[in-house]
Amino acid sequence: MARVRLVVTADDFGYCPRRDEGIVEAFLAGAVTSVSLLVNGAAAESAAELARRHRIPTGLHANLSEGRPVGPARHGASSLLGPEGFFLGKMGFREAVAAGEVVLPQVRGELEAQLSRFRELLGRDPTHVDGHQHVHVLPGVCQVFAEALQACGVRFTRLPMERGVGGCAWLEAPARAFACAVEQDARAAMGPFARHGLRWTDVFVGLSTCGRHMSAHHVSGALARALEGIPTGRAVTAELMAHPGYPSVPPAGGSGEGPDAFSCSWERLHELRVLTAPVLWAQLAQDGVQLCTLHELDSKRPGEGTPSEATLETFLEPSPL
């Protein structure tokens, strides 16, 4: 296997105190190297304090699909919101985008407001910006997202394109279909992302290892699939997306509507236990995997320019980070 430098990102930081407790536990155990903060999360302020206290590398988990907005949409009608004043939901937002019902300047306004709120909470720019429920790679949204990040000087994002996820038979059919749709959107988003100077890791895993499906075997296998064809000894960057934490207990948590079933599930605790167990890291060390932060990845690759769209189309050839 190629030499891999791996960023492990815990999503949904700020969603609820119990989720945050588990995420910080994983970070202090050395199993998580960065977090993505939901600035409209019920526990965003206390999560920001935890990030400052423990010096956790923190990015923005841009949210356009769950809970209440933080931007101009709070004060009036918006294509981003339903009649109750909440975002349209994981699939509802996707359906509205596909139908051409989402006004993209309103997306830009909400993204800018969330970036501003992040700076208020942390006192600095985010290390990276990705998308809650992968909304940042949706058609049209990805262009606005890239423009907003370029304008504020944030360079790093996530490209949720996991090689071979369509063949992961252990995934339930709806989860596999969603993962394939995300991968298709991510592939189409590479062009806009690259043209606006965004960068990401060479490979990504996490769509096939979420919740009950996370195990040392599945994580190692996903990395192995992603690295097929890469010469042994080549240095490769990778990101593992994770959702660890202690399960939410209603009514605490959420983004204005209370915690969802995903956050209340025992699967959050399962991910925490897998990530903090020695067996995973023993396997990854055997595979030549070394944990890193985004800052460390960037500092070890000086002088590298923005990848071209043509180069990116080869999938395993680009080195955007």
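1. R212 and E267 form a salt bridge, with the closest N and O atoms 2.8 Å apart. The term stands for a side-chain nitrogen of Lys or Arg within 4 Å of a carboxyl oxygen of Asp or Glu. The pair links distant parts of the chain, 55 residues apart: R212 sits in the loop between strand 5 (203-205) and helix 7 (216-226), and E267 in helix 9 (residues 267-276). Helices (H or I, at least four residues) and strands (E, at least two) are DSSP runs, numbered from the N terminus.

2. The model is a predicted one, in which local features need pLDDT of at least 70 and side-chain atom pairs count only at pLDDT 80 or more, while totals for chains, interfaces and linings use all residues. Residues are numbered from 1 along each chain as its sequence is written, and side-chain values use heavy atoms, with hydrogens and water left out.

3. On accessibility, R212 is partly exposed at 44%, whereas E267 is buried at 13%. Buried means under 20% relative accessible area, exposed over 50%, and partly exposed in between (1.4 Å probe, protein chains only).

4. Helix 9 also holds R268 and E271, three residues apart, about one turn of the helix. Their side chains meet in a salt bridge of 3.1 Å, N to O. R268 has a relative accessible area of 1% and is therefore buried; E271, with a relative accessible area of 1%, is buried too.

5. D130 forms a salt bridge with R158, and their closest N and O atoms are 3.4 Å apart. This pair also joins distant parts of the chain, 28 residues apart: D130 belongs to strand 4 (residues 129-131), R158 to the loop between helix 5 (141-152) and helix 6 (173-195). D130 is buried, its relative accessible area being 1%, and R158 counts as buried at 1%.

6. In total, the structure holds 13 salt bridges. Side chains of opposite charge can pair when their charged atoms come close.

7. S263 lies in helix 8 (residues 261-264). Its relative accessibility is 0%, so S263 counts as buried. The side chains of S263 and S248 are joined by a polar contact of 2.6 Å. Such a contact is a pair of N or O atoms within 3.5 Å; within protein, one must be able to donate a hydrogen and the other to accept it, and residues adjacent in sequence count only if both atoms are side-chain atoms. Neighbours within four places in sequence aside, S263 is in contact (heavy atoms within 4.5 Å) with Y15, R19, P247, S248 and R268.
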